[in-house]
Every structure is written in C-alpha cells, then in structure tokens.
Amino acid sequence: MRIMEDQNFFGKTIFRVTLACVGLASAVSAAEPAPPRVLIYTRNHVSNGKGFVHDNISTSVAAVKELCAEKGVACDASDDPAVFTANRLAKYRAVVFSNSNNEAFSDPAQSKAFTTYIENGGGFVGIHSASGSERTNPDFKRILGGTFEWHTPNQEFTVVVADNSHPATAGLPAEWKWKDEGYLCDLVPGLHVLLEMNTTSVAKPPRDKWPMKFEGNRFPLAWCHQVGKGRSFYTALGHDKECYADPAFRSHIQGGILWVLDMAK
C-alpha cells in the first residue's frame with residue numbers, strides 16, 4: 001500500500017512539473033517578439049493614363065522579399081493606396097517603394113498618414129523609379145531626398161562609392177561598370193551620399209546636351225538621411241530586371257533596408 005501511494009505521489013509530481021514546464025515554455029514563446037515586417041509598395045498610376053510602368057516590378061518585389069527573408073524580416077506587397085492609414089501602417093517597420101511611379105496616393109489623407117508615419121520613426125526605402133512618385137508633393141520629396149528630373153538612355157557607365165562604411169555600400173568595389181539609366185534628381189540639402197555616377201563615363205548624350213546642368217563630374221545615385229525620427233534610403237539603380245540577380249546590387253539593397261530598420265551590424 002505504501003508503495004502504491006509513493007507511486008501515485010511520484011506520478012502526480014511528474015505531471016505537475018510537466019505542466020509547469022509547458023506553461024513556462026508557452027510564456028517564453030508568447031514573450032518572443034514578432035519579426036519586423038515591411039510593406040513593399042508598387043503603385044504606378046496617373047489620372048490621364050499616360051504614366052510609364054516598369055516591367056521590372058514583379059522581379060524587384062521578389063528580390064526584396066528574398067533579401068528580407070534572409071534577415072528574418074517579413075514582407076507584404078501591395079499597390080493599393082488604401083494601406084496608407086495610421087492603423088494599417090502601424091504594423092510595419094518600413095515601407096519600400098519598389099519601382100513605383102507617378103501618383104502614389106489617391107487622396108491627401110494618405111499622403112499625410114505616410115508623412116506622419118515616417119516622421120514618427122517609420123523607415124523608407126526607395127528603389128529606382130520611386131523618385132518619380134509624387135513629383136509635385138513636397139513632403140514626399142523631402143522624405144525620399146529628391147524628385148526625378150531626367151535620365152540618360154540605358155547604357156553602361158561608372159558607379160563610384162562615395163562612402164564605403166555604410167551597410168548599403170560595404171563590400172562594393174570603389175568603382176565599377178554598371179548598365180542602367182543614369183538618374184538625375186532635384187535633390188534636397190543635407191543628404192548623405194553613398195553612390196555617385198561618374199558623368200564623364202556616360203557616352204550619350206554628351207554632357208553639354210543634358211537638360212540638367214551641375215558642377216563637377218559626379219552626380220548622386222544613392223543616399224540616406226534622417227527624416228524626423230525615421231530613416232530614409234534611396235537608390236536610383238535598378239532599371240533592368242537582370243539587376244535584381246546581381247550579387248552586388250542585392251547587397252546594396254539589403255544593406256539599405258537593414259540600415260533603415262536599424263538592424264545593420
């Protein structure tokens with residue numbers, strides 16, 4: 001009888017310990033933070049129907065998703081401007097405008113929600129034609145760091161690293177040949193320039209035929225800056241679909257995203 005009582009006590013003790021361990025594991029699991037999440041936004045829209053839509057959008061979105069997944073970052077993708085409300089943006093650590101163009105928002109409230117989100121600590125990443133979004137919106141220009149003005153024909157030119165200590169440029173060669181559209185943007189002051197185009201390496205049209213004039217032989221292609229409490233990164237590179245399979249370009253984009261998320265080491 002004594003042996004039976006001891007066995008019952010021993011069994012109950014194990015059962016209680018097991019329940020305690022399960023409870024502790026559940027508590028630890030519940031306490032684990034959710035992975036950071038970003039929104040990839042791709043709207044290309046103009047009211048008169050004459051806007052240019054890049055054929056690289058699906059390729060760029062897939063690449064951003066892959067690059068984020070490698071670092072434990074979750075992604076959603078949308079071209080619906082209805083996502084720009086305070087409540088919907090609250091679930092995201094950053095918004096990536098991936099080859100968006102022209103009218104990003106369908107009403108001023110969406111623009112205001114986006115601006116407030118960035119200024120309060122949200123992150124922004126712009127890729128290639130994102131600088132052509134919201135071309136008459138001063139808040140968007142301030143957040144991205146500039147507005148698209150003109151680009152050279154798609155051709156090979158020399159890219160120069162202006163700062164090799166940033167996560168978006170670390171490991172890139174000091175300069176290299178790259179095929180793309182050479183973007184010229186109307187820039188805001190105070191940008192931290194990361195990449196530049198050597199304008200003398202552009203074959204056509206010659207510099208004296210360019211509609212936008214500037215001093216010097218280099219022009220910014222990628223930069224970052226602080227916007228209120230938020231971070232902003234933009235790269236003008238990325239016109240061709242093939243770009244998104246290039247290891248150096250993928251590293252460039254991933255480093256920019258990680259910097260915006262404050263996850264770069």
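1. The largest cavity is lined by Leu172, Trp176, Trp178, Leu195, Leu237, Ala248, Phe249 and His252. A cavity here is a set of points on a 1 Å grid over the protein atoms alone, where a 1.4 Å probe fits but cannot get out, and lining residues have an atom within 4 Å of a point. Strand E9 (175-180) and helix H6 (247-260) are the elements that each give two or more residues to this lining, and H6 has the largest share, with three residues. Helices are DSSP runs of H or I with at least four residues, and strands are E runs of at least two.

2. Before you read on: this is a predicted model, where local features need pLDDT of at least 70 and side-chain atom pairs count only at pLDDT 80 or more, while totals for chains, interfaces and linings use all residues. Residues are numbered from 1 along each chain as its sequence is written, and side-chain values use heavy atoms, leaving out hydrogens and water.

3. Now for His128, in the loop between strand E6 (123-127) and helix H5 (138-144). His128 counts as buried because its relative accessibility is 0%, the limit for buried being under 20% with a 1.4 Å probe. Its side chain makes a polar contact (N or O atoms within 3.5 Å, one able to donate a hydrogen and the other to accept it) with the side chain of Glu181, at 3.1 Å. Beyond four places in sequence, the residues in contact with His128 include His54, Asn99, Asp180, Tyr234 and Leu237, contact meaning heavy atoms within 4.5 Å. Leu237 also sits in the cavity lining.

4. On to the rings: the structure holds 19 aromatic pairs, counted when ring centres lie within 6.5 Å. Phe114 and Phe124 have centres 6.0 Å apart and planes at 75°, so they are edge-to-face (over 60 degrees; under 30 is stacked and the rest tilted). Phe114 is in helix H4 (residues 108-119) and Phe124 in strand E6, so this pair ties together parts ten residues apart in sequence. Phe114 is buried at 1% and Phe124 at 0%.

5. Phe214 and Phe219 are a tilted pair, because their centres are 5.1 Å apart and their planes at 50°. Phe219 is buried, at 7% relative accessibility.

Conventions
Buried means under 20% relative accessible area, exposed over 50%, partly exposed in between (1.4 Å probe, protein chains only). On a 1 Å grid over the protein atoms alone, a cavity is a set of points where a 1.4 Å probe fits but cannot get out, and a pocket is an open set with protein on both sides within 12 Å along at least five of seven lines; lining residues have an atom within 4 Å of a point.
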